[in-house]
Amino acid sequence: MSRFKSAINCTDSAASFLKDISWEDDYCERINPELMTRLMHQCVPVLKASEWQITVVENGYAETILPLNQATTNQHGTHQAALISLSADYTGGMAVTSLLRGVPLAGIHKCSTEDSASLWLVSMNVRYKAPSTGHLIGRCRIPDRERELIVSRYKQGNRVLVTLPMEFESNGQIVAEAELTYFAQPAKQLLEPGKKSSTLFNQKIKASARMIAGVRARASFSSNGRNYRVDPSHAQLAAGPQGEMLAEKLNRALPQLVQMVEARTRHGDQMLRSVRGLRQVVLAGAGLDMRPFQLQHDFPDVIFYEVDLPEMIAERTRVAQMLPGFDQSKRVMIAADFLEGNFNDKLLGNGFVPSLPTAIIFEGCSMYFESAVNKCLLKSFGEMMENPESRLWVDFVSESVINGETVIPEVQAFFRRMDEMGESFIFGANNAEEFVNDCELAMVSETTVREFLAQEGTYSDDPVLDQYSFTVSRCR
Ligand SMILES: C[S@@+](CC[C@H](N)C(=O)[O-])C[C@H]1O[C@@H](n2cnc3c(N)ncnc32)[C@H](O)[C@@H]1O
């Protein structure tokens with residue numbers, strides 16, 4: 001989603017990408033060893049399990065300790081060598097981070113794509129010289145020349161590719177030496193439109209779509225006294241292990257997540273079934289929504305237009321190839337960037353007919369876009385709904401949780417996790433009807449998750465379920 005946001009805001013190329021903050025303040029607020037150790041433990045649980053710690057952070061220097069304990073050693077070289085490599089990665093990463101003055105690190109600090117740094121290990125060469133028989137001290141001191149290179153290139157928003165030396169000491173003896181190559185760049189520079197699609201961006205959008213598929217794969221719900229799953233096999237396949245892992249992480253922060261995503265899927269499906277004479281379905285921001293596969297038998301004459309960024313369309317193609325036996329002729333995949341403002345042209349150029357009864361689903365997307373961007377998109381969807389039976393389905397988070405007026409601890413924990421993924425929620429609507437009217441559409445229905453579950457016979461007084469609603473609208 002961030003590609004969209006960054007494209008409309010990415011205008012400050014002359015500005016420095018480093019912040020004007022003193023070393024002392026930066027140390028205190030962003031990179032001191034206690035804080036960084038805690039954040040790293042949260043994000044990389046194996047570091048916590050091994051009791052790995054950052055002990056010293058200076059400008060261009062980091063020292064860490066991997067204690068000799070039950071979790072970190074046995075008699076096998078591979079086990080110990082692997083942990084030394086793990087320690088090496090984060091020791092060098094910490095040293096690089098110390099130079100990126102004031103910049104939050106994507107995946108570690110609370111941040112958005114607009115202000116964060118992407119830092120990746122590209123390669124590592126470790127020479128193991130002796131067994132480590134005590135606590136392992138890792139040190140990375142970045143040489144002056146490389147320091148200057150990192151700071152000057154990052155400041156201008158350029159890619160940094162730098163190889164750093166590192167050494168590991170145990171009981172006063174050097175037990176390993178390493179060279180690690182890192183890649184660093186302001187996250188938003190990686191997503192600038194018009195630039196060749198970056199590997200990092202590619203990974204990132206796949207991660208968020210897989211996460212949602214992972215949530216669907218976990219979904220198991222109770223209705224009318226029956227417990228059942230909604231076709232978890234497709235969602236599981238789409239999610240893969242990464243999606244399932246991310247889903248678990250986010251569901252731990254917000255235990256209602258599965259129930260909410262499940263409800264939205266069912267509500268969206270109900271809307272599809274309610275469109276008389278349905279002939280076309282548009283999945284705008286399709287991600288890894290498996291509806292075209294799951295609903296093919298129910299809607300044999302319906303064409304599914306699956307619109308998303310080219311990187312996601314490539315991923316959908318990969319997943320679709322694992323699902324043989326489906327009639328692919330009823331699916332039209334369209335690579336489009338909402339940002340380019342040619343959504344309708346792309347649809348029309350691929351055989352879409354606005355006068356046919358159509359359902360457009362914009363699911364799990366509005367919360368990532370600025371209000372103005374959502375408005376443009378909803379208006380253009382409206383232009384494609386000439387048939388009086390056509391309907392648009394959109395989900396909205398309430399504005400008061402986005403702007404912090406309503407404080408619900410588990411929702412905040414969820415937002416924090418999304419921030420860490422670089423997928424911050426930035427938009428909400430307290431009055432969805434007004435918003436939809438402003439987009440030249442007419443609201444047909446608005447239902448909070450709590451109301452929807454109650455309609456199905458599941459009653460709850462959980463306030464979290466009031467913060468998320470599903471809307472159906474039509475052309476005016
Ligand atoms: C959170 S996912 C939701 C996917 C799907 N609707 C679902 O519910 O499973 C958001 C989707 O929007 C897509 N997206 C983000 N920015 C976009 C853009 N500028 N143009 C088109 N699609 C975009 C992403 O690639 C991703 O697949």
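Is Glu-63 buried or exposed? Glu-63 is buried, at 17% relative accessibility. This is a predicted model. Its salt bridges number 26.

**Salt bridges between strands**
- Arg-139 and Glu-63 form a salt bridge, at 3.4 Å from N to O.
- Arg-139 sits in strand S4 (residues 136–141) and Glu-63 in strand S2 (residues 61–66), so this contact ties together parts 76 residues apart in sequence.
- Arg-139 is partly exposed, with a relative accessible area of 22%.
- Arg-127 pairs with Glu-177, with 3.8 Å between the closest N and O atoms.
- That pair links strand S3 (residues 117–128) to strand S6 (residues 173–186), across 50 residues.
- Arg-127 is partly exposed at 36%, and Glu-177 is partly exposed at 25%.

**A buried pair and its network**
- Glu-363 and Arg-291 form a salt bridge, their closest N and O atoms 2.8 Å apart.
- Glu-363 lies in the loop between S12 and helix H14 (371–383) and Arg-291 in helix H11 (residues 291–294), so the pair ties together parts 72 residues apart.
- Both Glu-363 and Arg-291 are buried.

**Strand S12**
- Five of the five residues in S12 (residues 358–362) are buried, so the strand is largely enclosed by the rest of the structure.
- Thr-358, Ile-360 and Phe-362 cover one side; Ala-359 and Ile-361 are on the other.
- S12 runs parallel to strand S9 (residues 280–284), with four bridges; Leu-283 stands opposite Ile-361.
- Four bridges also pair S12 with strand S13 (residues 391–397), in the parallel sense; Ala-359 stands opposite Arg-391.

**Surface charge**
- Glu-433, Glu-434, Glu-446 and Glu-451 form a negative patch on the surface.
- Glu-434 belongs to helix H17 (residues 432–438) and is partly exposed at 49%.

How values were computed: Residues numbered from 1 in each chain as written. Predicted model: local features only at pLDDT ≥ 70, side-chain atom pairs only at ≥ 80, totals over all residues. Heavy atoms only, no water. Patch = residues over 30% accessible without salt bridge, like charges linked within 9 Å, V, L, I, M, F, W, Y side chains within 5 Å. Areas by Shrake-Rupley, 256 points an atom, 1.4 Å probe, with all protein chains shown as cover. Salt bridge = Lys/Arg side-chain N within 4 Å of Asp/Glu carboxyl O. Lys, Arg positive; Asp, Glu negative; His and termini not counted. Charge placed at Lys NZ, Arg CZ, Asp CG, Glu CD. Helix = DSSP H or I, 4+ residues; strand = E, 2+ residues; numbered from the N terminus. Buried < 20%, exposed > 50% of the residue type's maximum accessible area, 1.4 Å probe, protein only. Pairing = 2+ DSSP bridges.
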